[in-house]
Each structure stands twice: as structure tokens, then as C-alpha cells.
Amino acid sequence: MGGGKTLLRLATAMAVLAGTVFGHYHFLHYRSATGPFAPVPERFDLRSLPNRTVQFFVSSRGPEQMAPGDSLASLLSQLRLAAQTWSQVPTSELRLAFGGFSEPGTPHNHPRIEVVFDELPPGLVALGGPTVRAEMTGEGEGAFVPILRSVVVLPKDLSSRPSHSDAFFLTMVHEMGHALGLQHTQSSSVMSTYITRATTRAKPLAEDDIAGISSLYPNAEFALRFGAIRGRVTMNGVGVHLASVMALSPGGASVAALTDPDGYYHIAGIPPGRYYLYVHPLPPALQPELGPDDIVLPTGLDGRRFPPGPLFQAQFYPGTGDLLRAAVIDVTAGGTREGLDFQVVPRGPLTLYGVSTYSFPGNVAVKPAFLNLNGPRNFLVASGQGLTVRGSVAPGLQASVMGGSAFVLPDGIRPYPPAPDFLQVSFQFTPFSGIGPRHLIFTRDSELYVLPAGLNVVASPPPSIRTVSPLVLDRGRTAVSLAGSGFTEQTRILFDGLPATILAFDKDAGTILVQPPQGAPGHRAIVTALNPDGQTSLFLDAPSPPVYTYAPADPPSISITPASLPSGSVAMVEIQGENTNFSQGQTLLGFGSTDVVARRTWVLSPNRLWANVWISPSARPGSVSPTAVTGFEIARQVNGFQIEPARVGVPVPDPSPANPATGLPSIYSGGQALLRVSGFPANLRPEDLSLSLNEQAARVLRVSEEGILFEVPGGLPVGPTVARLRIGGILLPPFVVPIDLPPPVIVAVTKPDGVPVTTAEPAVPGQAIILAVFTLAAPGSTVSPDAVTVSVAGVPHRPTSVRLATTDPSVHFVEIVLSGDIKPGDSVPVTVRIEDRLSPPFLIPIRSP
């Protein structure tokens, strides 16, 4: 089962994962053998990582064989997209980054994920999870076991598994989730096994995935944006361990949790709305050494495993197998529903579980099932335990759709004629069916089984790309015209795993004009269209996917200056490229080791970039291999950078000076900045050091334990500058200091009709206000509302719009709707933040509605 095995199987197959534990579909430890049980999850300690970012490294040996036309650059693009998928969860602070290609024997002294290629048991596409952990740290609910090393293992032979396929990509997301600390779930999300997984490349994460990663690596928004449900599952008064409890919305969302050894559950991360609550036993393991659903059983500190509870009859809350008698649970943002308990009854072995659904938008089966309200085919095909018996429908089997958005036709359940061991289920839709995932309910005699997102209802066929035509635009820019069908204004285009930039969309002509990602000489990329309803062009184009081939050119190469730095240092390096196409925001720089990290890069030209690099104090002398990746272009210098022995007594600067007024790492020409330096000599005075930016002397104002407070020279352009710092008789290696625009300034606040907000005309929660902001961005620049945060009395707001003033290109109008959580007052502070630039507070009066 591709991507569906958990870590204990990796332990058995690879002999590296002994001692892994699980809970709430995270890997958990319990600190006691008896209740109450305090869960201790395994996760990366982001506080200990440079840039608070988990790096993943790819083995330089790569796969021995790949599918025809496939390449390492294509595979890397899928891995980067999988990592980006987890990095972009808005309620999680987790971030991942490509750290380069790791050579055999490369030292690693810090936490990381390693992607390696090895022999795997037959039938497995990949494996993943933590392999090395530190001792438990923290107290109470904050306790956790730090992950030091996780792996994603891919087979050496990928000749039958093309990296462009949706299934392969979802497997990468799944295994990366294991490496981050997630286990299987029954919610049909990407962390479900392949059997029930119902996500696609266009929508790779479901609500349960977002809840799982956010509860493991939460940011401040997680608890505010979602709700929770708590309760207990018991049988004859005794808690049932590893019962799966699921909150199911008729609109398609599902979020699940597993019970602890005392039967208590806590479902966190539930989007606000109305839900049914469903409890069911986990399906049996496919591997005997694993727990049910192929999860790794939790253990106590003594290493003993907690066995799963007994099998029981599935039910809806409060204790019914009939959805019409089930209670509807209201979940609110920031709220927790307590005491939703189940009393279950025992049963024998499960006979109805593990259902997969398929549909036929074209001539090839697609998993999961998508049915078009306006299409000619109104049926899906299902397989699973207990659906058919010897080519006939299992006696007593019935199927329905949760919420009444679609109906199974009378006599709509029958064997699928081309393959009678499969089940065909036909549906009737109504004008009120709506679109999105829908949960399927199967019953057989007294047995109940819910398949979350077993049916995806859409209103149009999937996209399809008919032709791929290269074009040359003005100034020699390369573009690609895609002709086909099913495109929308929200359609995204991928070249392998890299996004293309949409230049134009012509709905009538059925064409999309894109700028392709930077290519490698002669690279062959599969082009895929992704629609917002979850469908992709590979639903139709998989048998012969469209290909774009980049023009031939000389291979790229790089060199690095300086070619060595001592351990424990922070300094700038310059990368010179030949036949490269470096691009700001697109070029990644990695060194293949956690001991050398590019903290930030600045592209100066297509063949030149600067980077601040951090050399770990624990790094041993040796060589690492810098790699610059731009799109599909990969330039490596094997063993091109040397780690030297540490220089004892040399201070180390933090190359991100802070604005002392805000504490944020954004400084500007003519302002003040605080440069933090570790290893200061005692009794240092301002006259004992010198600092320059781009060869302009900076006036040192104060030296303290906080760092060096200095005045940024005037006249510096926005962008990177080279800083040189001498402390006493020691000249530190140069480092890059970025210069920003001055902070934004709120110059006025009005109502939408232009009336200024004053004591006579106060702002009111629930109503809109418009902020006139000076220097929000460079004059004339377009700013996305998603890039701006407005804080009113400490309550964050996302703007509904950001637009340029027509009379002054230095002013932007930022519109927000005031939250009802704001406490009224006569002088309520309002600030605007974009990246690390924060405005001074602007005071406005706010009155109750």
C-alpha cells in the first residue's frame, strides 16, 4: 500500500525505528502506566533550529532507476512541493526548507529530515518517520520528545513510479507528515492510508491534516480560529483505548482523534459549524507487528506498549446507529464542547471497513470519486471489505449520503458489471446538492461504517490540457500557451512540482498563457492544471500527459567565496554562477548539512548572489557541498566549502539588526538599529569598536548586554548592504545587513463614506474603517491584503482590500471590518504591519454598537 505504512514497519524493514509511540494520531509517550494520562508528543523543537525551520536533505546518490523521461530535478520539485504543502498551513508555525544534497558521511549535528533511497519491502512506495529522538523536555502540557532525525525512504527503483503522478505526490506529502510527527487517521485526509485517502494534488490537505499539524506546531491563531470537542468512550464503565472519534460536518469537513488508554478523547482544530459525532473501532492492521490501522502503539516511559481496546459497534452520538436520531453538535471558534461521552457495546471481528471509491470522468478510473452534477455519469465504483460477496451485493447492504445533499437511487446499489467484485452506487442530485466532499454511510445488518469524503460533488468536468506551445514575448521572455478545456480564473498550472506564473486567461478561447519556472537544459516537465474544486488535468490526461521540454544549454555551475569559514561563525558568502539564472525568491541555497545553513539570500544578478551563512559551533572541520537550485536548474559544487576549526574568543554577530522601537528585524537608512553580538569582551566601550555599512561609517550610540545600538548611515539604498565590524583588535568576517523602507505610518482613519473617525464619529465593531497609510510599500506598488496585518487593541485583522491612493503613489488605503472582540474606548491603538515593518500606533475612538 503506497505511502500507507507507519513507523514500526520501517523499524522492521530498516531496523532503525525501534521505540516509536503514538496518540491522537501523533506519536505520543505517556508518563504513567495508569490514568490520568498526560500525552507527550514527538515533534521537532523549532526553537533550537536556525530560522525556526526544519531542513530536509536529499541523498546525493539518488534513485538508481527512474521512469522514462523522469529526472532527479522532477523528483526534487515534488519533494519541495510536498514540504511547501505542510509549510503553508496558516495555523501552524512549522516551516520546512530544502537544505541541499547530502553526501555520504556528511556530519549532521542538528535536527533534520533525510530523504534516502533504499530497498523496500514489495508493494511499498515509501516509508517515513522519526528515527532518533532526544530526552523528554518541558513540563505539563508543554512537554514533548524532540525529534532529532526523521527519514523519508524512497525505493532505489522508481522506474514504475513516475514522480509527476498525483498518487506519488500525495505519498510524498503523507510520508513527510509521518516525518513531522503525524500518524494515520480515518478521516480520509492525506494522513489516511491510500485505501481511504480522498485528497488530490489540487487540494492535498483536508481539515484533519490541518488540525493535526497545527495542534503539534500551533501558532497563536490556531486556538482562536477553531473549536474542540472532548468526551470519553467506555464499555461497561471501562475506557476504550484507540477508539476513533470523528466530528463530521454534512458539508464535508471531518476531524478525528483517538482515545487515550482511559478512553478520553480531545478533537482539536474543528472549523466552526454543525457536526455529527461518530465513534468507531479502527480497522485491523495489514502488518501483524503494528497496531490497528497500521499505527504504532503508544508506550509508557518503561517502554511497555498500551494495547488497543476491544472491538465495538460503531455509533453516532448519543448512542444510535441511525443518523436521523443523532444529535447535531454546534462548534464555535475558540470554544470547547465538553462531556460528549459514548457507551459502546462489544462486537466480533469487523466485516465492513476499508472502502475506496472511484469515478470515471474519462476512460480511466480516478480515486477519490468525483461526480459532476451536470455530467452524464452519476455513479461511483467502490471496493472494500464487506461490500460484495462472490460477485453479488452483500446481503443487507445499504448506502446513503450524510446530510441529504445527494441520494442513492432506488436499486442504485449493484455489482459493477465489468468487475462484479466491485460495487456500483448510483446517485440522484438536486438543485440544492451543492458541491464539495460528502460523507458516505454504509450499513449492513447492525454494522455501521462511515467513509468521510467518499463522494466529491463538482459542477464541471476536470480540466484537460490539449496543447503546449512555447512563445517568445517582449525582451526575450519565454512563455507557454496552454490550450484545453475546463480552465477557470482560479486554475493553477504546475510544471512537474513547480508552479508557473499565470500571465493571461482567455475563457472563450480555452487558453492560459503562463511563464514557466526556470528550467534546466533540456529538462522535460509534465504540465498539470489544478482546479479549485480539487480536480486536476491528470484525471483525463494521465495516459498521455502533456510535456514541455526546455531548450538545450550548457550545464550550470557555481563557485563560493570565501571557500571556508570557522565553526561557530556567521558571515556572508558570495556565489558566482556560470550558465545560471538566479532569481530572488526562487533560488534556494543549501549546503547538504545541518551544520551550515544559509539564513537568507539576496540575488544580485542571474549569476551572482550573497548569503548570510551560519556555521554550527558544534561543526567539526570538514567539507560540505553547496547547491543552488533555481526552478529545475541545479548547480552543485561537491565538497566546495570547508569548515575550519573555531576561532576562540571571536564574537559572533546576529546579522538581523532590530529596530529598537519595534523589536523587529527591519531597519532603515537614517534610523536606529540594535545589533546583537554574542561573546562580547567585558567592559566594551563605543570607541572600542567600529561598524560600517557599504563602507559608510555607522555612529555607535551605546554598547550594552543587549548589543550595539547604532545609527544607520543616511543615503543607503533599500536592499542588502555589506557590514564590517571590528571589536577591539578583532575584525569579524563581513556579513549582509538588509536595509528596508521606513516603517509604515497611519496618517488618517476614515469611514467608507470618507468621514474621519473622531470622537463625534467613532468607529463601531462590525463596521468598516479605512486607514490611509504612508510608505506601506514602495511608491506605486500593489500590495496583497494577505501581506498586511492590522492590529486594533491587540486584535489582529486581515484587510478586505488594499489599494493605491489616486493622488499620492506613496499612500495606500487599507480597509478592514472591525472585530466584535475589540473592547471599546476613547483612544484605541491601531497599527499596521507588513512583513517586519510595524507602524507607530494611531489612536481612534471606538464605541459599542
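## Close-up views of a predicted model

Figure 1. In strand 47, Ala 635 is the bridge partner of Ala 628. The structure shown here, and in the views that follow, is a predicted model. Strand 47 covers residues 633-636, runs antiparallel to strand 46 and is joined to strand 46 by four bridges. The hairpin of these two strands has two residues between the strands, and Gly 631 takes a positive phi near 60° there. Now look at strand 46 itself, residues 627-630: Thr 627 and Val 629 point one way, while Ala 628 and Thr 630 point the other way. Are these four residues buried or exposed? All of them are buried. Strand 46 also pairs with strand 42 (residues 587-590), again antiparallel and again through four bridges. There, Gly 590 stands opposite Thr 627.

Figure 2. Follow the strands in the order 39-41-44-43, with antiparallel pairing. Why is one side of strand 39 and of strand 43 left without a neighbour in the sheet? Strand 39 (557-561) and strand 43 stand at the edges, and each has a single partner strand, so one side of each has no neighbour in the sheet. On average, neighbouring strands of this sheet are turned by 25° against each other, direction ignored. Strand 41 (residues 570-578) and strand 44 (residues 608-615) are held together by seven bridges in the antiparallel sense. One place to look is Val 573, which stands opposite Ala 611 in strand 44. As a bit of background, strands of a sheet pair through backbone hydrogen bonds, either parallel or antiparallel.

**Figure 3. Arg 600 on strand 43.** Zoom in on strand 43 (residues 596-605) and you'll find Arg 600. This residue has a relative accessible area of 43%, so Arg 600 counts as partly exposed. Which residues does Arg 600 touch, not counting residues up to four places away in sequence? They are Trp 610, Ala 611, Asn 612 and Pro 738.

Figure 4. Searching the whole structure turns up 18 aromatic pairs. One of them is formed by Phe 495 and Tyr 548, which sit edge-to-face, 5.6 Å centre to centre and with 75° between the planes. The pair links distant parts of the chain, with Phe 495 in strand 33 (residues 492-495) and Tyr 548 in strand 38 (residues 547-549), 53 residues apart. Phe 495 counts as buried because its relative accessibility is 0%. Tyr 548 counts as buried as well, at 8% relative accessibility.

**Figure 5. Charged side chains over rings.** Arg 43 lies over the face of Phe 144, at 3.7 Å from the ring centre. In another spot, Lys 367 lies over the face of Tyr 194, and here the distance from the ring centre is 4.5 Å.

Figure 6. Helix 4 (residues 207-216) is mostly covered, since seven of its 10 residues are buried. Which residues are these? They are Asp 208, Asp 209, Ala 211, Gly 212, Ile 213, Ser 214 and Leu 216. What do they pack against? Among the partners are helix 2 (72-87), helix 3 (166-180) and helix 5 (220-225). Strands join in too: strand 2 (39-43), strand 13 (254-258) and strand 14 (264-270).

Figure 7. You'll find Thr 528 in strand 37 (residues 524-530). At 2% relative accessibility, under the 20% cut-off, Thr 528 counts as buried. Leaving aside neighbours within four places in sequence, Thr 528 is in contact with Ile 465, Arg 492, Ile 493, Leu 494, Thr 536, Ser 537 and Leu 538.

**Figure 8. Stepping back to the whole chain.** The chain has six helices and 67 strands. Its radius of gyration is 29 Å, close to the 29 Å that the globule rule gives for 849 residues, so the chain is as compact as a globular protein of that length. Along the principal axes, the C-alpha atoms fill a box of roughly 90 × 70 × 65 Å. Of the 849 residues, 56% are buried. Among contacts between residues at least 6 apart in sequence, 67% join residues at least 24 apart.

Methods:
Residues are numbered from 1 along each chain as its sequence is written. This is a predicted model: local features need pLDDT of at least 70, side-chain atom pairs count only at pLDDT 80 or more; totals for chains, interfaces and linings use all residues. Side-chain values use heavy atoms; hydrogens and water are left out. Buried means under 20% relative accessible area, exposed over 50%, partly exposed in between (1.4 Å probe, protein chains only). Contact means heavy atoms within 4.5 Å. Two strands pair if DSSP finds at least two bridges between them. Rings of Phe, Tyr and Trp (its six-membered ring) pair if their centres lie within 6.5 Å; planes under 30 degrees apart count as stacked, over 60 as edge-to-face and the rest as tilted. A charge sits over a ring if NZ of Lys or CZ of Arg is within 6 Å of the ring centre and within 35 degrees of the ring normal. Axes are lines fitted to C-alpha atoms, for helices over the stretch in contact, and angles run from 0 to 180 degrees between N-to-C directions. The radius of gyration is taken over C-alpha atoms; the globule rule is 2.2 Å times the number of residues to the power 0.38.
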